[in-house]
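Keep the 3D view open as you read.

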Amino acid sequence: MTRVAGRRPYVVLPVVAGQGRFWLVFWRKKDRRRPARGTTDRHALVPIPLTGGVLSGQVRDQQGGALAGTEVSVMDPADRRAVYVETDPFGRFAASMMPGRYRVRVEAGGYQQVTDVVEVSWGEHADMGHIVLGEDPALRPPRPGVFVIDGDHSSVRFVARHIGMSKVYGRFNRFQGQIRIAEPFEESSVDVVIDAASVDTNVPARDTHLRSADFLDVERFPELRFSSLRFVAHGGNRWTVDGDLTLHGLTSDVSLDTTFLGAAEWNGDRVGAVATTQLHREHYTLNWQQTIAKGLPVVGSTIQIQLDVQAIRQS
């Protein structure tokens with residue numbers, strides 16, 4: 001059989017005719033490549049299934065910047081969510097879909113929601129292209145001024161792991177604070193003071209232990225204090241508030257992942273925000289520890305902090 005440089009035979013069949021024997025060869029085209037098994041298009045962002053198609057797109061803001069973490073919900077004709085994905089660091093998303101007509105909802109905090117209808121066909125790549133989200137005016141930072149935290153409509157909560165299994169939920173019932181909104185917004189500041197003795201996990205014996213010298217030692221350190229150092233924008237209504245937390249007599253830096261919820265008029269001019277962070281007990285010498293079998297700690301070393309804040313304008 002004669003070889004052809006740079007090409008492989010696709011099928012080789014032996015043929016016997018009369019007294020002779022020869023080979024019937026089907027050559028593969030030189031520039032032809034077969035898709036991987038189970039796909040029909042090797043150029044798609046994700047493999048296209050044999051029984052469906054692929055939907056993809058890229059989400060950007062009005063300045064052309066990629067919007068990572070944007071929520072993309074794909075609804076079927078019965079208004080049931082068929083797919084939910086979040087965009088990657090480049091603002092892209094892709095999902096394998098059954099063929100059909102879908103409503104696509106794209107939303108990110110601080111931006112106006114976009115909805116579109118798309119048809120996904122069998123064996124094809126439905127590319128929505130660039131989806132541009134405009135700024136939501138309702139979630140712009142408030143005008144400069146001083147706000148006082150409304151303790152009746154705010155909360156300071158924490159979550160800790162117990163023996164590596166269940167979660168223990170608690171809160172501080174007494175706290176006060178002030179938010180100063182500046183222009184530019186990045187120069188704003190927050191100061192909060194928390195009464196350590198107000199810790200509450202709904203179990204009196206456990207709360208007594210938390211107030212003792214093993215943990216908060218409220219007789220020596222009656223207050224927890226947080227003072228911000230800077231505000232960092234991440235697009236839309238998402239910010240990082242960096243600051244110092246003083247707890248148990250020691251100060252350590254903390255970053256609050258913050259989402260601004262907007263402003264409203266109700267018994268005054270109000271603003272709202274939620275924020276989360278993690279604390280490590282060892283940073284504040286809260287080193288009390290007890291273990292059970294296999295060395296598993298009774299109380300985990302990482303504490304989740306969840307803040308829900310509503311503040312009233314004073315000036």
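Helices and strands here are DSSP runs, H or I of at least four residues for helices and E of at least two for strands, numbered from the N terminus. With those labels in hand, please keep in mind that this is a predicted model.

Start with the whole chain. The protein has 20 strands and one helix. It counts 315 residues, and 37% of them are buried.

Now zoom in on the aromatic side chains. How many aromatic pairs does the model hold? The count comes to three. One of them is formed by Phe158 and Phe172, whose rings sit 5.7 Å centre to centre with 50° between the planes, a tilted arrangement. Phe158 belongs to strand β11 (residues 155-162) and Phe172 to strand β12 (residues 166-172), so this pair ties together parts that are 14 residues apart in sequence.

Another pair brings together Phe185 and Trp239. Their ring centres are 4.6 Å apart and their planes meet at 65°, so the pair is edge-to-face. Phe185 lies in the loop between β13 (175-181) and β14 (189-195), while Trp239 lies in strand β17 (residues 238-247), so the pair ties together parts that are 54 residues apart in sequence. Phe185 is buried at 13% relative accessibility, and Trp239 is buried at 10%. If you look around these two rings, you will find Phe231 as well: Phe185, Phe231 and Trp239 form one aromatic cluster.

Pro184 is found in the loop between β13 and β14. The peptide bond that joins Glu183 to Pro184 is cis, with omega at about 5°.

Next, follow strand β17 to Leu247, which lies in that strand. Is Leu247 buried or exposed? Its relative accessible area is 6%, and the cut-off for buried is under 20%, so Leu247 counts as buried.

Then comes His248, in the loop between β17 and β18 (250-265). Its phi is positive, about 60°, although His248 is not a glycine. At 13% relative accessibility, His248 counts as buried. Where else can you find a positive phi in a residue other than glycine? Asp217 is such a residue, with phi near 50°. Asp217 sits in the loop between α1 (204-211) and β16 (223-233), and at 9% relative accessibility it counts as buried.

For a view from within a strand, go to Ala95, which has its place in strand β6 (residues 92-97). Ala95 is buried, with 12% relative accessibility. Which residues does Ala95 touch, leaving out those up to four places away in sequence? They are Val46, Gly53, Val54, Leu55, Val83 and Val85. Tyr84 is eleven residues from Ala95 in sequence, and their C-alpha atoms are 8.8 Å apart in space.

Finally, let's visit the second largest pocket. About 230 Å³ of space lies in it. Its lining is made up of 16 residues. Which of these lie nearest the centre of the pocket? They are Gly110, Tyr111, Glu135, Gly235 and Gly236. Sorted by class, the lining of this pocket has six nonpolar, five polar and five charged residues.

Technical notes: Residues are numbered from 1 along each chain as its sequence is written. This is a predicted model: local features need pLDDT of at least 70, side-chain atom pairs count only at pLDDT 80 or more; totals for chains, interfaces and linings use all residues. Side-chain values use heavy atoms; hydrogens and water are left out. On a 1 Å grid over the protein atoms alone, a cavity is a set of points where a 1.4 Å probe fits but cannot get out, and a pocket is an open set with protein on both sides within 12 Å along at least five of seven lines; lining residues have an atom within 4 Å of a point. Grid points are joined across faces, edges and corners, and a volume is the space filled by probe spheres set on the points. Ala, Val, Leu, Ile, Met, Phe, Trp, Tyr, Cys and Pro count as nonpolar, Asp, Glu, Lys and Arg as charged, and the others, Gly among them, as polar. Rings of Phe, Tyr and Trp (its six-membered ring) pair if their centres lie within 6.5 Å; planes under 30 degrees apart count as stacked, over 60 as edge-to-face and the rest as tilted. Buried means under 20% relative accessible area, exposed over 50%, partly exposed in between (1.4 Å probe, protein chains only). Contact means heavy atoms within 4.5 Å.
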